[in-house]
Amino acid sequence: MAASASVNGFGTIFAYESATSVFTALAEVLSVTPPSLNVETAETTHMGSDDGYREYIATLKDGGEVTVNLNYVEASATLLQTLINAGIETFKITFPGSSTFTFTGIPTAFAFDDVVIDDKIVMSLTIKVTGKPTYLAV
């Protein structure tokens, strides 16, 4: 049996476009939920549909939402607040091995997890993908 070619997520980089074609990585990223490519459907069932089975057609596509979880660092918290106030931005996820997911999105939520006495502080940024995300395998 062949060995697995899977890759772990260590070393993944999440960045925002800080200047034209210049991406700046967010510090101390813990996890990233990449865009999810979904196709919506519309039901087209009619009285003559085969054997009474529902029929559908594909309609619009949606890139879903992206969530980034980070260790709390004051400078990063300030940056996330700036991003949430900025509106539409361009983001890039670079996976180990250099494949990328680039997308435009609207930051919709900046939040802190519960702050507890015996654990680190974690914050998150949620981004609604707008338009077509682009995956580039390297």
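A residue counts as buried when its relative accessible area is under 20%, as exposed when that area is over 50%, and as partly exposed in between. The structure discussed here is a predicted model. Thr126, with a relative accessible area of 16%, is therefore buried. Thr126 belongs to strand 9. Apart from its neighbours within four places in sequence, Thr126 is in contact with Glu65, Val66, Thr67, Ile106, Pro107, Thr108 and Ala109.

**Sheet and helix**

Seven strands form an open sheet in the order 2-1-7-8-9-6-3, and their pairing is antiparallel. Strand 2 (22–25) and strand 3 (29–33) are the edge strands, each pairing on one side only. From one strand to the next, the twist averages 35°. Within this arrangement, strand 6 (residues 65–71) pairs with strand 9 in the antiparallel sense over seven bridges.

Helix 1 lies across strand 1 (13–19), strand 6, strand 7 (89–94), strand 8 (100–112) and strand 9, and runs at about 105° to strand 8. Thr78 is located in helix 1, which spans residues 74–86.

**Nonpolar core**

The largest nonpolar core comprises 17 residues, and those with the most contacts inside it are Phe14, Leu26, Val66, Leu80, Phe91, Phe103 and Ile127. At least two residues of this core come from each of strand 1, strand 6, helix 1, strand 7, strand 8 and strand 9. Strand 9 gives the most, with four residues.

Which residues does Phe14 contact, leaving aside its neighbours within four places in sequence? They are Thr24, Ala25, Leu26, Val29, Val32, Val66, Val68, Phe91, Lys92, Ile93, Phe103 and Ile127. Phe14 also forms one aromatic cluster with Phe91 and Phe103.

**Aromatic pairs**

The count of aromatic pairs comes to six. Phe95 and Tyr135 form a tilted pair, at 6.5 Å centre to centre and with 55° between the planes. This pair links distant parts of the chain, since Phe95 is in the loop between strand 7 and strand 8 whereas Tyr135 is in strand 9, 40 residues apart. Phe110 and Phe112 have ring centres 5.6 Å apart and planes at 50°, so this pair is tilted as well.

**Accessibility**

| Residue | Relative accessible area | Class |
|---|---|---|
| Phe95 | 23% | partly exposed |
| Tyr135 | 48% | partly exposed |
| Phe110 | 25% | partly exposed |
| Phe112 | 41% | partly exposed |
| Thr78 | 48% | partly exposed |
| Ala137 | 53% | exposed |

Ala137 is placed in the segment after strand 9 (122–136). Why does Ala137 count as exposed? Its relative accessibility is 53%, and the exposed class begins over 50%. The C-alpha atom of Ala137 is separated by 8.8 Å from that of Phe101, although the two residues are 36 residues apart along the chain.

Note on methods
Residues are numbered from 1 along each chain as its sequence is written. This is a predicted model: local features need pLDDT of at least 70, side-chain atom pairs count only at pLDDT 80 or more; totals for chains, interfaces and linings use all residues. Side-chain values use heavy atoms; hydrogens and water are left out. Buried means under 20% relative accessible area, exposed over 50%, partly exposed in between (1.4 Å probe, protein chains only). Two strands pair if DSSP finds at least two bridges between them. Axes are lines fitted to C-alpha atoms, for helices over the stretch in contact, and angles run from 0 to 180 degrees between N-to-C directions. Contact means heavy atoms within 4.5 Å. A nonpolar core is a set of buried Ala, Val, Leu, Ile, Met, Phe, Trp, Tyr and Cys residues joined through side-chain atoms within 4.5 Å. Rings of Phe, Tyr and Trp (its six-membered ring) pair if their centres lie within 6.5 Å; planes under 30 degrees apart count as stacked, over 60 as edge-to-face and the rest as tilted.
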